[in-house]
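Thank you for making time this morning.

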Amino acid sequence: MLVTYHKENEFTKGIILNRPSNLFLGDEDFLDEDGEPYLKAEGNNRTENLWRIWFGGDVRSLYSDDTEIICLHSVDNELARNVSEVLLNNVLMTNYEGAIQIINAGQAEARDFWMFAGYAGWTGGQLLDELNRESWYMVSADSETVWKELVSQRDEVNSDPRDAGLKTWSSLMGIIGKENEAKVLSESFADLTLKEWAANSILFNSTAGSVEAQGDISSLGDGSAELSDIINSFSSAPDTLDKIVKLAVNANNGLAGSLLRGSADHRSPFLLSDQKFHKSVLLILQDDDQLTIGVMLNHPRTKTRPITLPTGRTVQIPIRYGGSFGIPGVTDQPTIFLHAKSKLKERSVGEPVGRSDDDSSKIWICTEEQAITAIAEGHASHRDFMCIEGLSIWNKDAGMIEGGILGEMVEGKFELVNPSFTEEIWVTLLAQASLSIDTIDRNCRLAVDAWGVAGKEEDSFPPYVYDSSITVSELSDDASRYWIEAFLLGGVISAAGKYSAFE
């Protein structure tokens, strides 16, 4: 990171120097703030078409509507100094227009400039706090080192954006005497995740992991079919997207009552965000014209719900994390009680989630009072119930059938689970215990087992993280585990098994 602007207690600005993409300024998909190609047709033969773009930061970046182009160069003449700002001796900064002005004047070539899209920004005091936490190391910079690394990144024949600049970083860590730290971090979770970020964010025209919707939504029937009819026609193999779309369009009662699971794709869509959904099992509670509401079933929390029976005996039911949303304006959020016990269904304890012709295969929802009565009368054990707090919600745009959870399914993020697997999945998840250091490993295994009931990961040739021996699937599993440790357990567990709570 090269700091380009700093004003005490107000704002700091910098650009990342070691994130070269494989995108060039003349590429058709590099657009300006008006949505037009950055280089217009009349400039198609210009040498600056070959300007490679570096990812400078996530503010006004490659993916912004108003990308800011920052150019570094070492051109030292009067015009260059007039349109540039000196950052270091022999390192100057200008914008795209300034670079073009210098080139048009015949005082430099396109090769003399390095182009960065976007920048990193910190509010007053924020960067200092990060330095104090040793998130950054502040070192004195010299232009020779800067240009050596930038030239190397530009001219290296086998340069690959998926390296994410780690070779450059390791080299610089060696210069400041921290080569051992760099070696320890090699193939660490952080480095591997960074490589996957690079594969997703600065590697363009890649064929990795794209999902295309199948079928035409507008031609899938008149809504006369029942949900159960369509589900029953499915095989145990992963459902194709056209069947998913047809299900949601034709079913009179939507997806309510259905079980979904996180994608079986080896390149998980939840590695870099929403890790809680990786290999998750989700029950849809509501699916109407406005939104989809569901709860995750596979994430026990550290706390339990005490249930006091008429005899005075108290039993504890693990509380599960259903999602990050609650009911707006409600201080005491409700706890959802679920069961799938045939005996309780026969006695009408609660009601099925999402009615259909065959409610026996459904998961049922009931009140706490109904659960207490069933336990007290000996019709059930407290272990037959799940308690859920929190909701997962997907909004729908008016008139857009592909909104809500369906949009996530069309993108390949979730898959529909055949109802025939419901009982086995339910029994497997009931075996989970309240989350603790002692139970987290077993809980995670049971969650994966329940997820796998509906089918294993699809690809027999799993993709690996770039230049590593770790598969993307393994990395995604680790990301999910770390999410559980951080957000549900409230700390981290070291490789030696030592738990450290967050302050």
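The mean pLDDT of the protein chain is 84, and 81% of its residues reach 70 or more; pLDDT is the predictor's confidence in each residue, on a scale from 0 to 100. Over residues 41-45 the pLDDT is below 50, and this stretch has three contacts in the model beyond near neighbours in sequence, where contact means heavy atoms within 4.5 Å. Residues 206-252 also stay under 50, although the model has 73 contacts for them beyond four places in sequence. Where pLDDT is low, the predicted coordinates should not be read in detail.

A word on conventions. This is a predicted model, in which local features need pLDDT of at least 70 and side-chain atom pairs count only at pLDDT 80 or more, while totals for chains, interfaces and linings use all residues. Residues are numbered from 1 along each chain as its sequence is written, and side-chain values use heavy atoms, with hydrogens and water left out.

Now the chain as a whole. Its secondary structure comes to 15 helices and 22 strands; helices (H or I, at least four residues) and strands (E, at least two) are DSSP runs, numbered from the N terminus. Of the 503 residues, 47% are buried, and buried means under 20% relative accessible area, with exposed over 50% and partly exposed in between (1.4 Å probe, protein chains only). Among contacts between residues at least 6 apart in sequence, 69% join residues at least 24 apart.

Let us turn to a sheet. It is an open sheet of six strands in the order β13-β14-β18-β15-β17-β16, with mixed pairing, and two strands count as paired if DSSP finds at least two bridges between them. Which strands are at the edges? They are β13 (300-308) and β16 (351-352), each of which pairs on one side only.

Starting from β13, six bridges join this strand to β14 in an antiparallel arrangement, and T304 has P318 as its bridge partner. The hairpin of these two strands has five residues between them, and G312 there takes a positive phi near 95°. β14 then pairs with β18 in the parallel sense over three bridges, with I319 partnered by C387 and R320 by I388. On to β15, which pairs with β18 in the antiparallel sense over four bridges, L338 standing opposite M386.

Is β18 buried or exposed? Five of its five residues are buried, with F385, C387 and E389 on one side and M386 and I388 on the other.

Finally, the largest nonpolar core has 27 residues, of which W51, L62, F113 and M115 touch the most other members. Such a core is a set of buried Ala, Val, Leu, Ile, Met, Phe, Trp, Tyr and Cys residues joined through side-chain atoms within 4.5 Å. Elements that each supply at least two residues include β4 (52-55), β5 (69-73) and β8 (113-117), while α2 gives the most, with five residues. Leaving aside neighbours within four places in sequence, M115 is in contact with several residues, among them L25, W51, I53 and Y96. In soluble globular proteins, nonpolar side chains tend to be buried together.
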